Amino acid sequence: MQRSRGVRGLSFTLVTPANHYPSRLPSFGDAPVVKLVTPRMAPSRIGEYLISLPAGAGTERAVEPGFETFLYALEGEVAVLAGGDAKAALHAGGFAYLPGDDVYEIAVGDEPARLLMVKRRYEPFPGVGARHALSGHRDDEPFADTDVPGFRRRELLPTADPAFDFNMSLLAFDPGVGLDKVEIHDEEHGLYMTAGGGTYLLEERELPVEAGDFIYMAPYCPQSFVAGDEPSEYLLYKDVWRDGF
């Protein structure tokens with residue numbers, strides 16, 4: 001029997017490319033969709049998906065409103081249209097946030113494309129301002145240094161605006177550099193390794209991770225990371241500005 005690095009713990013799941021099982025969603029027709037996590041994996045309140053789209057394809061029907069959505073292009077080029085208007089043209093490293101007020105569609109360019117998609121129901125809060133659609137590219141701004149030498153981060157969504165109830169962040173580590181503590185907190189995570197690899201501490205297990213791996217971490221999952229012998233990076237979802245009530 002083939003061995004697997006994939007693991008399900010009490011408060012986390014590690015899904016590797018070897019564990020991928022392609023599903024389908026009506027809006028994307030026959031395009032393979034890997035459901036990395038959905039609310040079926042309690043207590044997750046998000047869906048995160050890896051979508052592979054052939055050249056010249058895209059959504060076969062508009063995606064209905066009701067969920068805020070974050071799209072991140074891993075490969076290829078796609079156009080995103082929301083409410084009938086062009087919202088973003090994404091190539092590798094490009095991203096878009098859609099508040100979920102309108103239907104949206106995706107059209108793929110001349111090469112196949114791969115997208116990461118995060119969706120969740122918005123948690124309104126009295127007195128905060130309205131959210132807005134936005135798009136950009138990872139290279140629009142430099143990564144910011146942190147208090148840990150060799151560890152940098154790039155925020156893709158506004159972090160100081162309580163209208164946004166989640167963050168998407170790129171965390172980059174030099175070889176051998178890691179987080180400076182074991183974190184235990186209320187926020188849940190969806191983590192996709194975009195480059196390199198290393199060792200992730202999850203609960204009491206030290207697990208090897210590589211580019212293309214995905215980790216779901218439930219609230220209060222003990223967690224930490226150290227990069228291996230090459231520069232490493234991951235894209236991290238985290239809910240913010242809310243406490244679950």
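**Salt bridges, a surface patch and one buried threonine**

Q: Where do Arg152 and Asp174 meet?
A: Their side chains meet in a salt bridge, 3.1 Å from N to O. A salt bridge here is a side-chain nitrogen of Lys or Arg within 4 Å of a carboxyl oxygen of Asp or Glu.

Q: What does that pair tie together?
A: Arg152 lies in strand 14 (residues 151-155), and Asp174 in the loop between strand 15 (166-173) and strand 16 (189-195), so the pair ties together parts that are 22 residues apart in sequence. Helices (H or I, at least four residues) and strands (E, at least two) are DSSP runs, numbered from the N terminus.

Q: Which residues join into one network?
A: Arg45, Glu68, Arg120, Glu123, Arg131, Asp165 and Asp239, through salt bridges that share partners. Take Glu123 and Arg120: their closest N and O atoms are 2.6 Å apart. Both residues are buried.

Q: Quick check, what kind of model is this?
A: A predicted one: local features need pLDDT of at least 70, side-chain atom pairs count only at pLDDT 80 or more, and totals for chains, interfaces and linings use all residues. Residues are numbered from 1 along each chain as its sequence is written, and side-chain values use heavy atoms, leaving out hydrogens and water.

Q: How many salt bridges does the rule give?
A: The count comes to 15.

Q: And what does Glu210 pair with?
A: Arg5, with the closest N and O atoms 3.5 Å apart. Glu210 is in strand 18 (residues 205-210) and Arg5 in the segment before strand 1 (7-8), so this bridge ties together parts that are 205 residues apart in sequence.

Q: New topic. Which residues form the nonpolar patch on the surface?
A: Val182, Ile184 and Tyr220, with about 320 Å² of accessible area together. Patches take residues with over 30% relative accessible area and no salt bridge; like charges are joined within 9 Å, nonpolar side chains (Val, Leu, Ile, Met, Phe, Trp, Tyr) within 5 Å. Areas come from the Shrake-Rupley method with a 1.4 Å probe; for residues, only the protein chains shown count as cover.

Q: Where is Tyr220?
A: In the loop between strand 19 (214-217) and strand 20 (223-227).

Q: Last one: is Thr38 buried or exposed?
A: Buried, with a relative accessible area of 16%.

Note on methods:
Buried < 20%, exposed > 50% of the residue type's maximum accessible area, 1.4 Å probe, protein only.
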